[in-house]
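Student: Could we look at a protein structure together and go through some questions about it?
Tutor: Gladly, let us bring it up and start.

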Amino acid sequence: MAPCAIGGLAISAAVWLVWPSLLPGPQVESSSRPDAQSCAECHAQQYADFQAALHAQTLRRLADTDLLQQFAGRRFRVSGSGAELGWSDKEGRLLAYVVGQSRTIPLDWAFGSGRHAMTPVAVWENSQRETELLEHRASWYPPGELHATLGLDGHAASNLEELGKWHAPAEAARCFGCHSTRVPQQDGRIGLDHLLPNVQCDRCHQGSQDHARAMRAGQSATGLVHWPALTSLQAIDRCGECHRRADEFSPDELHPESARLVRFAPVGLSLSACFRPGARQPARHADALTCVRCHDPHRPARSDADYYRQRCLECHDPQGGQRKPCPVQPATSLCTTCHMPKVALNAWLSFTDHWIRVREKDGQTAKKSH
Amino acid sequence: MLVSFVLLAVAAGLHPVSGDSVWWHVSRGRAVCAGEISPGQALLAAEGNREADWLGGAPCFACYYLMGDAGLMLWRLLACAVLAVISWRMFAAGSAFLQLWLAVATLLVTSNNWDPSPALFGLLGVWLADRWARIPTARLALPVLTACWANLAPGAALALAIFYFRPDEGGLTARRKLGTLALMALALCLTPRGIWTWRDSLVELWPPLAADRAVLVHTPFRPLWHDADSVAFCGWCLLLWAAIALLVRLPTRRAACAPPLLLSVLAAAACSINLPLAGFWLATVVARLTSREPSTGVKSAASMCLVAAISLVLAAGYWSAAPQRLGWGIAPKLDLASLQEVWGNRQRAGNVWCVDTPGAGAISWLGQGRLKAVDEPRRALLGGRLRAHVLLCDDLAQRREASYYRADSSEGGWHASLAAQRVVGLLVPIERTDLLAGLADSAWRPLTLAALDIPHGQAGDPDANPQIVEVLKQENLITRGVWSAAPLPRFGSASHIDLWGLATGRPDASTALAQAAMFQCRRLPAAALKLLFPVVREAHSPEAAALFHRLQGDLAWREQLETGHTSQLRQSAGRVHPSNPPPEMSAAWRNTIAAYAAGHPDQAASVLEGIEAEACYARGWLRLEAGRPAEAVAEFRTLVSRYPDHPLTILAAHELVAISPER
């Protein structure tokens, strides 16, 4: 009896040991992510609203934009490198080259919605068949200017860098990962034909496939990430997966005078005095300040400053708000002008500084942080 | 027969000490001798539990303290000798043929446990438990044996299984048997870990209890078939084959011997680290069966020849999974001299994240309490931290610096994880090229190029910056300076004597190959080639030839990316496009490529004549790789001045700037 039992145990254990099992990879690489159409079956309004949001337009094939017409035939001299770039249209494909050289690189993808900018990107497979990416040195800025891509106006260390910034396979996957909902990958090779572009429902509502399956089966268990149950910090860190998180910076970098920080809204927000009281509270808590408190993620971001003033007054209302009202300006003034100003990083691109603070105290903050 | 067995024991045993956990256990022993009852907590930043086998490192440390490196080597030889004697005597009752092969198999299966580590006590525990279980007067000592085993070495719960499944030869009643088992079970808890010793011991014997297989396959606790090329695995297969064959022929013994056989197979299959322990238990079961087996006839001459051949393979390091050769001392991978220069002599304090046990051991030994290893794989397994450790390794290899969410909703990204552990340094073994490649573009930079465990410091850290700058200078010197690699060592290194090299004159290329591969994954192919030339010239190894072709492919790919053109040198030397062979070559080009592939770049440049662009470019690179930058500059200048519009001119101009930054 005992040998039989141990024999059975041995066979079960052997089968269990050889059964394939993989380490969990990034969620965005998962092959089982549904596209937004299946969510639209029940959430038609949110789906319709979201189509106008910039997150729904973060990545396109260049042929689906008018960048070919915008770039072809034009020339642009990059101030830092001194190289002159040119573009040509070859059978509907945009080719970039350094003027005076015969080598061309086809630009097949456009990153960015076009509201602020669009950057052409070249993608190829290296000798190991891994996907590499070249972020082009020149971007398109509305209404039709060509200018250096943000962060790429410096000296070129190699000939390839005259055309743009080369990204290794892992970085290429991360670029696509933030501009897409699903990026299938195998051994460093991105399955571009099966890529699900743009930020769709499942990028933020992880578990939507299980949710849809449960709903269709008439079950109540949803399996979705429940945003209101996340703490404020967890909620902004979810946005920070692409927009950067404060814990990715060293303490020396988290400084009011760092112009770099304005690009990363969750980092600034997490440093704000307004954020800290509710950082560990659930996102639904009255003290909690998260990205979605001001930005409806299903709609385009509002551009009227008065809307944001109203959000500030939810706490800082002189008529009985929980927090101290502004001692300098009346409640009718626009809060963001002083506390969240726009910072221009080049002639065409400016960012709202989300580090909400009294800027006159920056010197003291700097002293403290040193 | 005995002579051939002794020959095999010497050929397999007389190798430099190379066990992964040597420095870890010596450090644990030092901590115990300094009064620590929980050395793991004293040495590891992440450790929160006490250890059951807290005393295991003390004998290792005593050995090193009394005799230094020689003490570690003597431990290895003594362990090999003791296990050889036990193995030989264990099968004395069988035929001479069986005795030789089963003793060889038993000795080989234990070979991973000869180096200084408490694992040797586990093997002795198996042997003693098996012997004492059948001697009525000795049974009383079994609880004492269990307690000693639990305090010294992992896997002490095995003692109970050995006793329980040992066939009753002395008229032991069921009540007495249960009583002895109960005493042994209690004795197992007589450690600083208390009742939890049970849990730890079971996890050590069956790691899937504490971590899932997806994690374990990336650790030393992986299932057996991931190490199917090891010497120990071959010994285990021999033993298993003998056990099955004997059981088939002795049906009356099946009921008694099948359960321990199956359990030992399970323990070995679940985790390759358990192979010596489980294999040795299997050997005791086989020994019981052979004692009843009549002689099967003598095939002495063939057996002795085969054992001699195995001895030769082991002595020469030809077994790919056991590349150590006949020698004396400490293997270069355990030599801490280079690490000592980086971290040993300075008042640096903080946590160092180590990939594996050798790294954790090195930091524990050199850090002296100032520097602490974050974790060690076995302690991480027992503490439930192995998954986090493996996922962090995966993030580093995949260059996932920024935070992200995994498919199981956990958070990944190495930056935040290392920051949370207050890590000031990383220690990455040179053979982990995936991690070294992953770190190549990060802020973590190597602090020395000489060590086989590469220490990394963070750019911007004032303590690390001077060494980072020094390494950058060295990299530039190797890549573009007047530097060429020294001939391969034939007599060993500072830490060991290569007896095989002394006897045969054949150099050991393993270190140079590993360093060349390291440069390749740091995207410094020219530096890698310079290190590879002596290997290609002197060692004629297929690995070197394969690496040479990969490096040519890397350089060709870079040319293609930068200019849209691949030079004839790279096309010809690397067979870049096998489906599209390079154009017909002249005799000069053929001679050039032949000399280049044989590791003589200078000679290759000399035989290549002509002033066409491809020839100038090739000669420039060949001179650069030969460590003659001045001559390379002359060739590149010729190319730039004569062929300003040729695609290769772009690369030549770039090299001119890189070789002479002041231009």
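Tutor: First, a definition: helices (at least four residues) and strands (at least two) are DSSP runs, numbered from the N terminus. Keep in mind too that this is a predicted model.

Student: How many helices and strands does chain A have?
Tutor: Here we count the DSSP runs of each kind along the chain. For chain A the count comes to 14 helices and 17 strands.

Student: What share of the residues in chain A is buried?
Tutor: A residue is buried when its relative accessible area is under 20%. Chain A has 370 residues, and the buried part of them is 44%.

Student: Which residue has its C-alpha 4.7 Å from that of Arg75(A)?
Tutor: Start from the place of Arg75(A), which is strand 2 (residues 75–77) of chain A. Beyond its neighbours within four places in sequence, Arg75(A) touches several residues, including Glu84(A), Leu85(A) and Trp87(A). The residue you want is 11 residues away in sequence, and its name is Gly86(A).

Student: What kind of aromatic pair do Phe71(A) and Trp87(A) form?
Tutor: The structure holds 18 aromatic pairs over all chains. In this one the ring centres are 4.9 Å apart and the planes are at 70 degrees. The pair joins helix 4 (residues 67–71) to strand 3 (residues 84–90) of chain A. Planes over 60 degrees apart count as edge-to-face, so the pair of Phe71(A) and Trp87(A) is edge-to-face.

Student: Are Phe71(A) and Trp87(A) buried or exposed?
Tutor: The cut-offs are under 20% relative accessible area for buried and over 50% for exposed. By this rule, both Phe71(A) and Trp87(A) are buried.

Student: Why does Tyr64(B) count as buried?
Tutor: The limit for buried is under 20% relative accessible area. Tyr64(B) counts as buried because its relative accessibility is 19%.

Student: Is Arg129(A) buried, partly exposed or exposed?
Tutor: Arg129(A) sits in the loop between strand 7 (119–125) and strand 8 (131–136) of chain A. Its phi is near 65 degrees, a positive value in a residue other than glycine. Since its relative accessibility is 48%, Arg129(A) counts as partly exposed.

Student: What is the relative accessible area of Asp187(A)?
Tutor: Asp187(A) is in the loop between strand 13 (185–186) and strand 14 (189–190) of chain A. Asp187(A) also has a positive phi, about 50 degrees, although it is not a glycine. Asp187(A) is exposed, and its relative accessible area is 70%.

Student: Which helix of chain B gives the most to the lining of the second largest pocket?
Tutor: This pocket has a volume of about 710 Å³, and 29 residues line it. Among the elements of chain B that supply at least two lining residues are helix 16 (337–344), helix 22 (465–480) and helix 24 (510–521). With four residues, the one that gives the most is helix 24.

Technical notes. Residues are numbered from 1 along each chain as its sequence is written. Chains are lettered from A and ligands numbered from 1 in the order in which they are written. This is a predicted model: local features need pLDDT of at least 70, side-chain atom pairs count only at pLDDT 80 or more; totals for chains, interfaces and linings use all residues. Side-chain values use heavy atoms; hydrogens and water are left out. On a 1 Å grid over the protein atoms alone, a cavity is a set of points where a 1.4 Å probe fits but cannot get out, and a pocket is an open set with protein on both sides within 12 Å along at least five of seven lines; lining residues have an atom within 4 Å of a point. Grid points are joined across faces, edges and corners, and a volume is the space filled by probe spheres set on the points. Rings of Phe, Tyr and Trp (its six-membered ring) pair if their centres lie within 6.5 Å; planes under 30 degrees apart count as stacked, over 60 as edge-to-face and the rest as tilted. Buried means under 20% relative accessible area, exposed over 50%, partly exposed in between (1.4 Å probe, protein chains only). Contact means heavy atoms within 4.5 Å.
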